[in-house]
Amino acid sequence: MRSSLRPYLPVLALGVLLALAPLLLTSNVALNFLAVTLIVSLAAQGWNLLGGFGGQFSFGHAAFFGVGAYSSAIWQMRFGLDAWTGLLVGTAMGAVTGLVIGFLAFRAGLRGSYFALVTLAFAEVFRVLANSSEVTGGAAGMLLPLKIGAGNLQFSDRATFLGLVVALTVLVLGLVQWIRGSRFGAQLVALRENEEAARALGVDVLAVKLKAIGLSGAITATAGVLYLQYFLFIDANIAFGTWISVEVLLAAIVGGLGTVLGPVVGALALHGLGELVKAAVGQLPGIDLAVYGAILVVAVAFLPGGLVGLARRRAAPRQVRKAEPEGGRA
Amino acid sequence: MYSADIIIEALINGLLTGAIYALVALGLTLVYGVLHIINFAHGALLAAAMFAVLLTNQVVGLDPYVQIPFLMVIFFALGYGLQRLVIGPASHGRDENILLVTLGLSIVIENLLLAGFGSDTRSLNTDYSFAVFEVGPYLLGQARVFGAGGALATAALLWLFLSRSDTGKAIRAVAKEKIGASLQGIDVAHVYAVTFGLGCACLAVAACLLLPTFYVNPKIGSAYVLVAFTIVVLGGMGSIVGAMLGGLIIGAVESMSGLFLGESLGQIGIFVIFILTLLLKPTGLFGAKA
Amino acid sequence: MPAADIAPAATMLYVENVTMRFGGLTAVDDASLNVPKGSITGLIGPNGAGKTTLFSIVSGFLKPTGGRVSFDGADVTHLPAHELAEKGLGRTFQIVKPFAGLTVAENVAVGAFLRHRHRADAETVAERVATRVGLGDRLDAPAARLTVAGRKRLELAKVLATEPKLLLLDEVLAGLNPSEVRDILPVIRGLRDDGITILMIEHVMQAVVSLCDRVFVLAQGAVIASGTPREVVADPRVVEAYLGKGAAARLARAEAADA
């Protein structure tokens, strides 16, 4: 019998590597870089579950990120409740938002570009609402009062916070790896490849898509809460901004659509490159994003499996050859 | 509550703006109708065109309306090149890929504009920017009236071009039956690029018509792209008449919801229409059967 | 073996006066047929006769304009496709639909997951089923790289992995060369021997004659004849449906002239 833990080895390896970072890194710049990158990668895990495994490309994952961040901020500031339950509430609200948007969009049969556009529109509606509503602080945003302490999810040193981010990242990596091997994962990938064929094999396409978008919303919302706890400030253009919708999609695609490690690899690669570009060109506003956009075009054109796919192909050229077609006929 | 005059005036101004929106949407729906792709970079290209108008005005001193023929040609060439050299080859003919490639392009354009011009919001002032026509009790911005007239004229010209010229006929043939058209010796890749070029030329005209009254900043494209998508979806993807009517409706809705809900919350009206149309009637009001 | 009577207990599938209209076009016109348990029943007819539309109705992909479909004694007319699959009604597609980005084993496992929640069980079933249809040595190949024959086999394996009671086969032999057809016939017969009832759309008449207990002929959406394969082939209405009006008489005259 094959060891059932073997598929988790890459996740564990990456987890150990990431766990060492807060212990070894001392520079605040490096710690900050890693914390922000991992928060984005976590949000991208959520996107990848729905977009990479399920083939439903969302252009509005900011909706979930923002709902997570704002729910927790409201929970703490308007209800005076604690940050840890705020993390749970934010995550749960992300799931609920996912289920609601998913129910509306998937039941209406929206797919492909239409689904992408409708998610974008939802994110924009949330942005406008958060920007003009009183409970969210309007255009001024929400500033969490400074209350350092583990109980409030606020840490005086970046390394401790990074440790929390790493822990959640590894937890979600493990979860996604588990999903990949599960019945739900198989059905999700099947409907990505061909919905009709999946239905014929007994896959309840609507139910599976809903499960995926609910989980996806929850994961991305968790990242939103972490963002809030890290910067202690959000406003509508940050929490529901297109930047996060674009970055999560980029990280997942550049890293490798529908792979477990893709979002983390992609986020690290993109943000690393962004820093390099900034170092080379100076602080020209937007120049790193311009490079991201170009990379998206290049990735779609030349890197269908993303960086993870590239690494796999280089690592196992023999397996690929084994899979050549049997006869000469196509 | 507002008096009837104020409401009617806002409605007319909304319809005038809507005509220019319709021109923006026309480019989008044309590309969709022929290539069956959603060009997400449409808004960013519009922003680029608006900055081009602004820059030319500042450097050469050319009036925005005088710039129309030049910018049209330049943007046609730009669109032709983009489709032929970037979008076509990079997306391997898959829908999701096209959406991603054009998203990538929009990010590149938007942020290059940001790097080049900074994030400031700019506007271009002409003699007629703040002038008004008095029509009975109503005050109508001159630039809006000119803009709407220009947009309708452009749409009419495009209509003539598509129905009368040989290229227009080839475009319609490809839109209807791609394989059949290619069997008759029509160069589909060329027709695609021409169509994309026409879509961009519409943007160039729209930019010239918008600038005398509307401000511009590098991020403005994302606002216009959603408005344009809403119009296109409402009017029916690929329908030219639908885009024109949809544009007018959206212009009116925007103006009305702005009047009643205020500037910032007013945008919601458009998004809500967008979402409801997609959820309830994705073929739009005038769309061909899916 | 062909069931002359339509005793409900012995009937796996009962299609009752089913009609399907698309706008002004009537694709299926008041069609009725029954598939006895344990049989291999054929559904033949010229192109465009509505065979695949009927399959789509039976398998829950289309809702009929009128009529009723009963499966294993229960009315299933309004059940969605995935619920029918769960009840044991499996189908293949005329234009095969492999999960192109997945391996053969992963493709088949999607079907196996219907009855087996755990991955290890699903993989075991998938491997067994794939081997049975002759894909045992291609388990780790990407489905996109299979040959036409390989894809047909994969289409069959996927649905078999759902462990169906009734199998709807939509032209599984089309596009195969004679030797490939010869290879796959015993597989289909073996399925029946395992107790799976089969309804098959087929153009390869040699296969219909050798496999089917009973055949229904569909022309312009209506059932025009039924019986054993030999009866049906000799039926002048069937010959006319295929070859045009008056063809049967011409054929008969030609045969008489030859004799």
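**Where the chains meet**

Author: Happy to. In this predicted model, 24 residues of chain A are in contact with 28 residues of chain C.

Reader: Nice. Which helices of chain A each supply at least two residues to the side that touches chain C?

Author: Those are α7 (183-193) and α8 (195-200) of chain A. The most comes from α7(A), with 6 residues.

Reader: And how do the residues on that side of chain A divide into nonpolar, polar and charged?

Author: The side of chain A that touches chain C has 10 nonpolar, 6 polar and 8 charged residues.

Reader: Which chains share the most contacts?

Author: That would be chains A and B, out of 2 pairs of chains in contact. Chains B and C are not joined by any contact, and their closest C-alpha atoms are 12 Å apart.

Reader: Let's switch to chain B. How many helices and strands does it have?

Author: Chain B has 11 helices and 2 strands. Going along the sequence, the pattern reads α-α-α-α-β-β-α-α-α-α-α-α-α.

Reader: How does the radius of gyration of chain B stand against that of a compact globule?

Author: The two agree: a compact globule of 290 residues would be near 19 Å, and chain B has 19 Å. Its C-alpha trace spans about 60 × 45 × 35 Å along the principal axes. As for burial, 52% of the 290 residues of chain B count as buried.

Reader: Where does UniProt place the "transmembrane region" feature in chain B?

Author: The unreviewed UniProt entry gives residues 6-33, 40-60, 66-86, 98-118, 138-162, 191-216, 222-253 and 260-280 of chain B. In the model, residues 6-33 of chain B are 100% helix and 0% strand, with end C-alpha atoms 38 Å apart. Residues 260-280 of chain B are 71% helix and 0% strand, and their end C-alpha atoms lie 25 Å apart.

Reader: I clicked on L23(B). Which helix is it in, and is it buried or exposed?

Author: L23(B) sits in helix α1 (residues 4-35) of chain B. It counts as buried because 29 other C-beta atoms lie within 10 Å, and the cut-off for buried is 20 or more.

Reader: What does L23(B) touch, leaving out residues up to four places away in sequence?

Author: L23(B) touches A151(B), T154(B), A155(B), C202(B), V205(B) and A206(B). T154(B) is 131 residues away from L23(B) along the chain, yet their C-alpha atoms are separated by 7.7 Å.

Reader: In what sense do β7 and β8 of chain C pair?

Author: β7 (residues 166-170) and β8 (residues 197-201) of chain C pair in the parallel sense, over 5 bridges. L168(C) is opposite L199(C) in β8(C).

Conventions
Residues are numbered from 1 along each chain as its sequence is written. Chains are lettered from A and ligands numbered from 1 in the order in which they are written. This is a predicted model: local features need pLDDT of at least 70, side-chain atom pairs count only at pLDDT 80 or more; totals for chains, interfaces and linings use all residues. Two residues are in contact if their C-beta atoms, placed from the backbone, lie within 7 Å. Helices (H or I, at least four residues) and strands (E, at least two) are DSSP runs, numbered from the N terminus. The radius of gyration is taken over C-alpha atoms; the globule rule is 2.2 Å times the number of residues to the power 0.38. A residue is buried if 20 or more other C-beta atoms lie within 10 Å of its own, exposed if 12 or fewer, and partly exposed in between; C-beta atoms are placed from the backbone. UniProt positions are given in the numbering used here, feature names are shortened, and annotations may be inferred rather than shown by experiment. Ala, Val, Leu, Ile, Met, Phe, Trp, Tyr, Cys and Pro count as nonpolar, Asp, Glu, Lys and Arg as charged, and the others, Gly among them, as polar. Two strands pair if DSSP finds at least two bridges between them.
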